[in-house]
Every structure is written in structure tokens, then in C-alpha cells.
Amino acid sequence: MTTAGTPLLATRLEGDTDLLALRRAGREISRALGLDVHTQVRVATALSEVGRAAVALGPVEVTIGLDRGARPLLRADLESSAGLPTTGSAADGGVPAARRLVDEVVLGADGRHVTLVVELGASAPLDAATTDALRRTITVGYGANALDELRVQNAELLRTHDELVTQREELRRLNTELEETNRGVLAMYHQLSAELEETNTGVVALYAELDERGRELAAANEAKSRFLRNVSHELRSPVNSIIGLTSLLQASTMSGDQAEQVEFVRDSAATLLTLVDELLDLARAEAGHQDVAPAPIDVPALLDELRGTTLPLVRDGVELVVACEPGLALVSDRRLVARVLRNLLTNAVKFTERGSVRLDARVEGDAVRFVVEDTGLGIGPEHLDSVFEEFVQVPNRLQPSVRGTGLGLPYARRTSVALGGTLTASSVPDVGSTFTVVLPVEAAAVAGTATAAPTVTRSPATAGADAETGLGHVLVVDDDRSYGAYVAGLLREDADRVSVAHDGRHALALLRDARADAAVVDVRLPELDGVGLLARLRAEHPHLTVALMSSGPAPEQTGVERPAPFLPKSTLDRDALTRALRDGGAA
């Protein structure tokens, strides 16, 4: 039989009395080695169960000892007279029960030898004096009577029973609390589910309402843009008529007061025309109908041109600086880029009393960055975002002395976006403002393209000869009678005869009655518009020289055999008109 490293007890089991003594000895050894009460009972019960199974087969040799290895162990070796059953239910006792009570059960190859192993704590008293005293105590008390051991076992059973009752009550309490918690969780789940369903219903309804409001806003915005376009076109014609007629008045003989009053009328009409043009441009930009005609732009030449047009607006004591990298170029719409930068420069010089206004242009990656920086009044942070809204003008002490409509910056931002770029602003009150336009170098990012109207050119060599050549009979076609009279007035000295028609059918009737040499046709005519009339004139009067004019943009002359020259009403004067009719050629 295997013996432990330090034997504490060696005995022989032959009957029930020996089993009771072994049980008591196991409990006493466990207590002396510092094991807790529950472990003491488990060790004693494991010895008793294996011993009972072995005694049934014959005498049993038992040795209990200590193993002082890396892990201190309490070992109990039992050697029976015959092989022990090692399988079965723990309720049957024996080796299966011992496996549930101790840390390890080692069986011999023949089934007769069983070793029970229990791990001891690191603080277990294993010195020689303690083990010698323990060995003497166990030896002396080993022969105690069975009645004492039964009394101890009963006490253990009662203590275990009390613990089980306490645990059962605690378990019952925990189950009750768990059931209440489960009911609360279930009620909360149902409540949250109902609230979530109600919230989802509200969100769905809100999204539907937002979609409806979005459609209404889009329709209202389109109606506003359409209204602005229509009203702007309708306003342009009478304003152009006022400007034209005042030009004719200025060419006539007037007193000094009359000339001054006519000049006031002309300036006011020009201001109104500027407002109308900005409204129309803004409406086009908002509706996404802005025509973009990309072409290579010589940026240094463009900036030099802007400097020349802005310099007369600069106050005394303010320096206008334009800086650009040599040879800088980009592909975009020169007209729109110039308008954006002109708006920014004009705003900067309006509100700068001292210091400088600076325009820089430089390449950054695949974009060109234009920066307009001034040392003017600046804009407060509460107003910085609103300057890009229509008709918003930031209150300041210079506001009463400068002209403005509040449309320049909104137009500039929308135009920058149409060109594939961005416009941002930063400002510090009483320090200055910085507006930055970033545009792509290539035209691929530009929003769209438009067909350019044909241009009218005239060489210096033919200018003298043309001045001596009369225009013959010229027909003016415009439903705006006042502007038609203005155009007729421009032609009096160059044409042998001028007739005025007020729509397309009237013009065709006049041509059937009397042959004409040239015609000036308004694009926006009732019923038969200007382009439609042009096609009729090309077919029915091929000898006729035709020029188109309008307050709006140049029209597309699709399907016309040869496009006619186009003249904007806002800049129409005698020289431009006569050049167009002389250089336009016969149809």
C-alpha cells in the first residue's frame, strides 16, 4: 500500500465501530490542518463511504498522511480485501460518492487500492511540532466510543439542516423578487413597445408631412423664380425705353436745369435696370437655368480689367491691390467669373474707408483660389451667414451713403456653385472681411454650357465707307411702343426711312406693302416671337438684313438658316445698332 510522506494515522477497519472512529479521525485531522467546517465534513464522509464499501468485502488497511510537495496535500490510502465498485450513482455511496466530496480520487490498477486527495491551503500548519502533536492526539482519541461520534454526526446533520432551511428560504425570497422583477420588466417592455409603436407612427406621419412641405416649398420657390423672371423681363422694356428716350433728350437742346433733371432720370433708370438685372440673374441661378459657356480664361488679364473698372470707386486713402501668379489660366465662363469677382470687389471698396482692398489669385491643386480681402468695417458673426440671403443688408454707418440691393452676394454664391466652385466668407468687425472663391481649373466641373450669340465685328478699314452708306428703309419691330420709338430715333440720321411695327403679323403686313432693307426685331413679341419672325423673314424676304434685340439673354436660333446678330437692349446705342445692320449682310 502507498504511504503518505508524513504519516499521521495508520489503522485497520473491521467493523462499524472502526468506521465511526475513522470518520472522527478524518474530521479532527482536517480541523487541525485549518480546513473549514464544510471541508471537514466532506473529508470525514468520504473516508466513511469508501471505508464502508471496503469493510463489506473484508478487513481494510488505512493510512492518512501529509504530502509536503509544491502543493501541500492531505492523502488517505485505503486498501481493501477485494476490488471495489468504482461506477454507479453517488447516492449508493462508496467510490462514486467520494469523487463528489474530495479534490481527487486515485484508483489502483486492481481496484483494491483507493487514494483520497484533498488540497491544503498555503497557511496550513505543517511544521514538525504541529504534526507530532496531531499524531499523538489522533492516536489517543481514536478509540472514542461510537455514541460520541454519533452525537457529533447528529450535530453536523442538524447544522446542515439549518443551513439548508436558511438557503431554501433565501432561495424562495430570491425567486419571489425575481418574479416581481420579471413582471416589472414585462410591463415595462409592453409599455416601451407601445410607446415605440406610437413614436414610429408619429415619425412616419412627420416624414410624410415633411415631404409634403418640401414639395410645397419647391413649388413656391419655382413660382417665385418664375415670377421674378417674368417681372424682370416686363420691367426691363420700359426701363430701357426710359434710358433710350433720355439719351435722345440729352442729344437735343435743353436748358441747364432740364439737362440736370434728365440726367437724374437717366441715373435712376440705370439704377432700376441694375436691380432688375440682378433679380433676373438671381432667379436664373436659383432655378438652375444659368447658362455657362466654358472657355480658357487669361486670369491676369481678367484681374487687370477688374482693377481698371473698380479703381474709380475706391475712396481716397484706400489702396487697391491685385496680385496673380504669372500665366495663371483656367477654363470657365469668363463673363460669370468676372461678375462674381466684380461683386466682391465692389462690396469691398464700398465699405472700406482706409487701408487696402486686395484681390489675390493662385493655384491650389486642381483649383484656382480667388481671395478678396479688405480692411473695412467688417461683419459681425451674427450677420455673417445672412449676407448671402436675398435683400439682406448689414446695418452699418456707411449704409446710407452707398447704393446696394442686397442681391450681389446671393448671386455671387449661386453663380460660384453653378461654375462648380464655392464662395465662403470670414470677417472681424472693425478689422475687415475676407471672401474666398474656389473654382476648378478644368471645365469638367462646370454646371452646363450655352451656345454663344453671334458677335458683330467691323474692321477699321470699312468704317469710313460704312459711315457714308445709308441703311435705306429700316423696319423696327417691338411691342413696347416707347422703346420702338427710341430705336427709331437712333436710326433717323442713318436710315432713309424708319417704320415701326408692334408685333410679327404687323411687320409682315408692312413688308407686303413696302419693301424694306433691314429690320431690328425684339425677341419677346406676342404670338409670333422674334426667332419665329426671323425664320419667316429669311424665307419670304431673303434680301433683308435682320438684327435681334432683347432685354433678356441671347436666344437660341435653332433651325434658322443664318443666325442674326444679337443686341442687348441695356447697352444699345446708335453705333452698335448701325454696325449690326451694316455688317450683318443680306440674308
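## Basis

The model is predicted: local features need pLDDT of at least 70, side-chain atom pairs count only at pLDDT 80 or more, and totals for chains, interfaces and linings use all residues. Residues are numbered from 1 along each chain as its sequence is written, and side-chain values use heavy atoms, with hydrogens and water left out.

## Salt bridges

The whole structure holds 26 salt bridges, each a side-chain nitrogen of Lys or Arg within 4 Å of a carboxyl oxygen of Asp or Glu. One of them joins Arg574 and Glu493 at 3.0 Å, N to O. Arg574 lies in helix 14 (residues 574-583) and Glu493 in the loop between helix 11 (481-491) and strand 14 (497-501), so the pair ties together parts 81 residues apart in sequence. Helices (H or I, at least four residues) and strands (E, at least two) are DSSP runs, numbered from the N terminus. Glu493, Asp494, Arg574 and Arg582 belong to one network of salt bridges that share partners.

Arg574 is partly exposed at 34% relative accessibility, and Glu493 is exposed at 65%. Buried means under 20% relative accessible area, exposed over 50%, and partly exposed in between (1.4 Å probe, protein chains only).

## Helix 8

Helix 8 (residues 334-350) has 17 residues and reaches 24 Å from its first C-alpha to its last, close to the 24 Å expected at 1.5 Å a residue; the expected span is 1.5 Å times one less than the number of residues. Its buried residues include Leu336, Val340, Leu344 and Ala348.
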